[in-house]
2 protein chains.
Amino acid sequence: MAASTPTSRPNPERIFNTMIAFQETEALKAAIDLDIFTAIADGADTAASLAAKAVAAERGVRILCDFLTIRGFLAKVAGRYALTPESAIFLNRHSPACLASMIDFLASPWSRRNFGTLTEAVRKGGTASETGDHTKPNEEIWVNFARSMAPLTVPAAEFLADLTGAAEGKPCKALDVAAGHGMFGITVAKRNPNARIAAVDWPAVLEVAKENAVKFAVADRYTTRPGSAFEVEFGEGYDYVLLTNIFHHFDIPTCEKLMRRVRAALIPGGKAITLEFVPNEDRVTPPMAAAFSLVMLAGTDAGDAYTFAQYENMFGNAGFVKTTLHPVPDVPQQVLVSET
Amino acid sequence: MAASTPTSRPNPERIFNTMIAFQETEALKAAIDLDIFTAIADGADTAASLAAKAVAAERGVRILCDFLTIRGFLAKVAGRYALTPESAIFLNRHSPACLASMIDFLASPWSRRNFGTLTEAVRKGGTASETGDHTKPNEEIWVNFARSMAPLTVPAAEFLADLTGAAEGKPCKALDVAAGHGMFGITVAKRNPNARIAAVDWPAVLEVAKENAVKFAVADRYTTRPGSAFEVEFGEGYDYVLLTNIFHHFDIPTCEKLMRRVRAALIPGGKAITLEFVPNEDRVTPPMAAAFSLVMLAGTDAGDAYTFAQYENMFGNAGFVKTTLHPVPDVPQQVLVSET
């Protein structure tokens, strides 16, 4: 992620840095594995003291910390390392906003394997891996997701809870489809003491969601419906159905099929609330949402980051009368609210 | 390599992008494997026409090209893709400056394996791989290097040839140690019709150098000395010994040992010319030279990017009276000239 040297004529530095970009991931992963950022937060600030704390070689720690400094994740003055404001907040395990666990999913062996056969995926138009049909259970993958990715959900989960009118505390019933860590539904329940949540996901994944429901003291209003989102009985009478980061795994007919089941589970006037990467029509902006298509090409048979027009059409076909798009501050995804 | 959103408060985008930086390497690799850049240079400019040319799925090509556009390697206007000035020069195989082959070495399975065990390398203070002792032959690695990395040598090779006074055409004898593709010595011979080159490297690697000597019409003045740079007979009477990208693989005593052999092979007044990544004393600047230490931690038992003071000391211990440092325009390495 080194910045290019500003220059008027083309130079190959950015191409070179992209050819070795995988080294960036591995360096950050090693630093997280060895908990270097937390060790610095705790006062160790030389290669020697960090090596002692991390039970590693001083030479190895020196080279790694120098690299992290070059990439802007640490500062170095007179041989002493310090956290940057960014790493103090997001990579230090004492920080409530720490995102370190996310590397376990984002750079998991599964994800690397998907990208390791990207050329083949481009040839086929879908993943070259065996796990590309996400209507089937891939519990190991999604338990990893549930264990790793909860930290990133906070701003989006608060935004979704607001959309359910959680602040007013009106009794409500919400279904959290593909709940994962459960934090979207759990945040609704935390914010609204009169909300009851039913969570759908594969059985092993729901165990993680249940732990979180206990941790956030909403377990008495939290039930689970283990199984496939395409087959398990959803029940009915829901005011809200939350669909966070699920549609992108599937082709359009499969998305419509799911959304028809959602429609049937809602009360009249109920709403489906979708959190998704929604690129513009040009499919190259905004960058994080548009780039997500590649993750789906690498890892799914037919998933994609769909445009708003595509979602409007799918959700209309599934029986929703109106869908509106809502940007979420500080989050690469957007929210779609679909009305019955 | 996405740019961070400029903002006054810390945001996790750069950390997130580093966690998935390996995807950047894989995307560029897939585009090079499928020769997308050359296909665009040849006039294909839609996902459909590129897919036909690359024998790939239109959907896969669309998603890959959109990603390359997001990352600035392509432009996209009204659904048509175009090369950027950078990709036209450095990624299009019709361009004489094309660097595409470099990904075969920079992101080779060997390099990925080295970085895949980086945490263990930091713990040990040296590579966790079996191939970390580079005094031993690792011919498969270095044949790959010789086949892939020649394009990057041009500016540095011209600079080195200038240092040998090639323009004057005075008869001279040069030894190219760890010649690899041979392009450093071959450039001296190309520029000076009265130069004779002897190249040292492992036998299979020298086959690549010999091919290049034929290609550049200097084979009649090109001889090879296959074997270890620490054991093979160098011969004597050399005006120049070229040492390009070799010292960083070894610890300091091993570097000194090699440089003593070099000293003995030079005529009085002869010069050793070293091309190396030379970080400043702070070891975190300049970025590309300083970052190279991590590559050596990942892939060697005890190699490093040494500072100028370290080289001065090593080369002094090996019997050289004076070493000077020379920056090379457009190249992350620098040149050290050591006088007998």
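1. **How the copies are related.** This is a predicted model. Chain A can be laid on chain B with an RMSD of 0.0 Å. The move takes a turn of 180 degrees and a shift of 0.0 Å along the axis. The two copies are thus related as by a two-fold rotation axis. Which residue of chain A comes closest to that axis? Phe22(A) does, with its C-alpha at 1.9 Å.

2. **The shared surface.** Look next at where the chains touch. 82 residues of chain A are in contact with 82 residues of chain B. Of the interface residues of chain A, 100% are also interface residues in chain B, so the copies meet through the same surface. The size of an interface is often given as the accessible area lost when the parts come together. Here the area buried between chain A and chain B is about 7,200 Å². Carbon and sulfur atoms give 71% of that area.

3. Side chains of opposite charge can pair when their charged atoms come close. How many salt bridges are there between chain A and chain B? The count is six. In one salt bridge, the side chain of Arg14(B) meets that of Glu86(A), at 2.9 Å from N to O. Polar contacts across the interface of chain A and chain B come to 26 residue pairs, both residues being at pLDDT 80 or more.

4. **Which helices supply the contact side.** Several helices of chain A each give at least two residues to the side that touches chain B. Among them are helix H1 (13–19), helix H5 (58–70), helix H6 (85–90) and helix H15 (287–299). Helix H2 (22–33) is also on that list. The largest share, 11 residues, comes from H2(A).

5. **A salt bridge inside H2.** A search of the whole structure finds 30 salt bridges over all chains. One to look at joins Lys29(A) and Asp33(A), with the closest N and O atoms 3.1 Å apart. Why is the spacing in sequence worth a glance? Lys29(A) and Asp33(A) are four residues apart in helix H2 of chain A, so they are separated by about one helical turn.

6. **Strands around E7.** Follow strand E7 (residues 266–276) of chain A. Strand E6 (residues 238–244) of chain A pairs with E7(A) in the parallel sense, over six bridges. Within this pairing, Thr244(A) has Leu275(A) in E7(A) as its bridge partner. Between E6(A) and E7(A) the chain passes through helix H14 (residues 252–265) of chain A. This β-α-β crossover is right-handed. E7(A) is also joined by six bridges to strand E9 (residues 334–339) of chain A, and these two run antiparallel. Here Lys271(A) stands opposite Glu339(A) in E9(A).

7. **Backbone exceptions to check.** Most residues other than glycine have a negative phi, and most peptide bonds are trans. The peptide bond joining Thr285(A) and Pro286(A) is cis, with omega about -20 degrees. Pro286(A) lies in the loop between E7 and H15 of chain A. In chain B, the bond from Thr285(B) to Pro286(B) is cis too, with omega near -20 degrees. Pro286(B) is placed in the loop between strand E7 (266–276) and helix H15 (287–299) of chain B. Where does Val55(B) sit? Its place is the loop between helix H4 (47–54) and helix H5 (58–70) of chain B. Val55(B) is not a glycine, yet its phi is positive, at about 50 degrees.

Technical notes:
Residues numbered from 1 in each chain as written. Chains lettered and ligands numbered in written order. Predicted model: local features only at pLDDT ≥ 70, side-chain atom pairs only at ≥ 80, totals over all residues. Heavy atoms only, no water. Least-squares fit on C-alpha atoms with pLDDT ≥ 70 in both. Contact = heavy atoms within 4.5 Å. Pairing = 2+ DSSP bridges. Right-handed = clockwise from strand over helix to strand, strands pointing away. Buried area = accessible area lost by both parts, 1.4 Å probe. Salt bridge = Lys/Arg side-chain N within 4 Å of Asp/Glu carboxyl O. Polar contact = N/O pair within 3.5 Å; in protein donor to acceptor, adjacent residues only side chain to side chain.
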